[in-house]
Amino acid sequence: MRTCDLHIHTSFSKDGESTVEEVLAQAARVGLDAVAITDHDTVEGARYALSLAGPVTVIPGVEVSTRQGHLIVLGVTDPIPPGMDFVQTVAVARGMGGVLILPHPYHQWRHGVALKVTSAISLVDAVESFNSRYITGSANRRAAREAYRADKPCVGGSDAHNGRYVGFGRTLVDTDGPDAASILAAIRAGKTRAEGHMTPLRTYTRQSLKGAVRRIKTRVRL
Ligand SMILES: [Zn+2]
Ligand SMILES: [Zn+2]
């Protein structure tokens, strides 16, 4: 059994606060076997993470901004253009051999695709039924319910934008192989279980406030 956090942002994401090194160090500290580096619309963080040797397996990935919301693609190191239609993005990612995960599918404010594309879950390999950044658990529970209905594996991720939350969302993957390929094959085969605990509310409130403040270019002490 391998313990993995399949949804992590680094400073290669515009809103990521921790370096790849900090993320990997924290992953080792909290006992993860593997992490997926899934920066927004760039594979550079994942590529850089792959270049560093360490005790934690790196699964390269990207969280793609499609026209209808976010899609995580794992196992790819080539860029996928953002801004395409969700179904078209799925086709491109499939062509690259990626493992497709639908993150926070029912989150209103965080680009949940399943609210807009009813077939979204049927098009992916796995559903993120635990995302540690929800304010309430109801959207997570709905994701778990719909995944079960569609017979899709459930995975968990922290969606950490700061290294200290790495491991708050976890996927237990039933595989003996420690490498990324074995873990990805086991995810495809549905040998997963999602678990975790929530990121403290004040953290992402502070982060969204910071984003809002940046947008209106006003100096405010937070
Ligand atoms: Zn997202
Ligand atoms: Zn994310």
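Two residues count as being in contact if their C-beta atoms, placed from the backbone, lie within 7 Å. In this protein chain, residues 24 or more positions apart account for 62% of the contacts with a separation of 6 or more. What you're looking at is a predicted model, where local features need pLDDT of at least 70, side-chain atom pairs count only at pLDDT 80 or more, and totals for chains, interfaces and linings use all residues. Residues are numbered from 1 along each chain as its sequence is written, while chains are lettered from A and ligands numbered from 1 in the order in which they are written.

**The overall picture**
- The protein chain has seven helices and nine strands; these are DSSP runs numbered from the N terminus (helices are H or I with at least four residues, strands are E with at least two).
- Buried residues make up 50% of the 222 residues. Buried means that 20 or more other C-beta atoms lie within 10 Å of a residue's own, exposed means 12 or fewer, and partly exposed is in between, with C-beta atoms placed from the backbone.

**The sheet**
- Nine strands form an open sheet with mixed pairing, in the order S7-S6-S5-S4-S3-S2-S1-S8-S9. Two strands pair if DSSP finds at least two bridges between them.
- At the edges sit S7 (154-157) and S9 (192-196), each pairing on one side only.
- Strands S1 (residues 2-8) and S2 (residues 34-37) run parallel and pair over three bridges; Ile8 has Ile37 in S2 as its bridge partner.

**Helix H5**
- H5 (residues 138-149) has twelve residues and reaches 16 Å from its first C-alpha to its last, close to the 16 Å expected at 1.5 Å a residue. That expected span is 1.5 Å times one less than the number of residues.
- Ala139, Asn140, Ala143 and Ala147 are buried in H5. Seen down the helix axis, the buried residues fall within an arc of 105°, so they line one face of H5; the arc is that of the directions from the axis to the C-beta atoms.
- Over on the other side, Ser138, Tyr148 and Arg149 are exposed.
- The buried residues of H5 pack against helix H4 (120-123), S6 and S7.

**The core**
- The largest nonpolar core has 61 residues, and Val35 and Ile101 touch the most other members. A nonpolar core is a set of buried Ala, Val, Leu, Ile, Met, Phe, Trp, Tyr and Cys residues joined through C-beta atoms within 7 Å.
- H6 gives this core its largest share, five residues.
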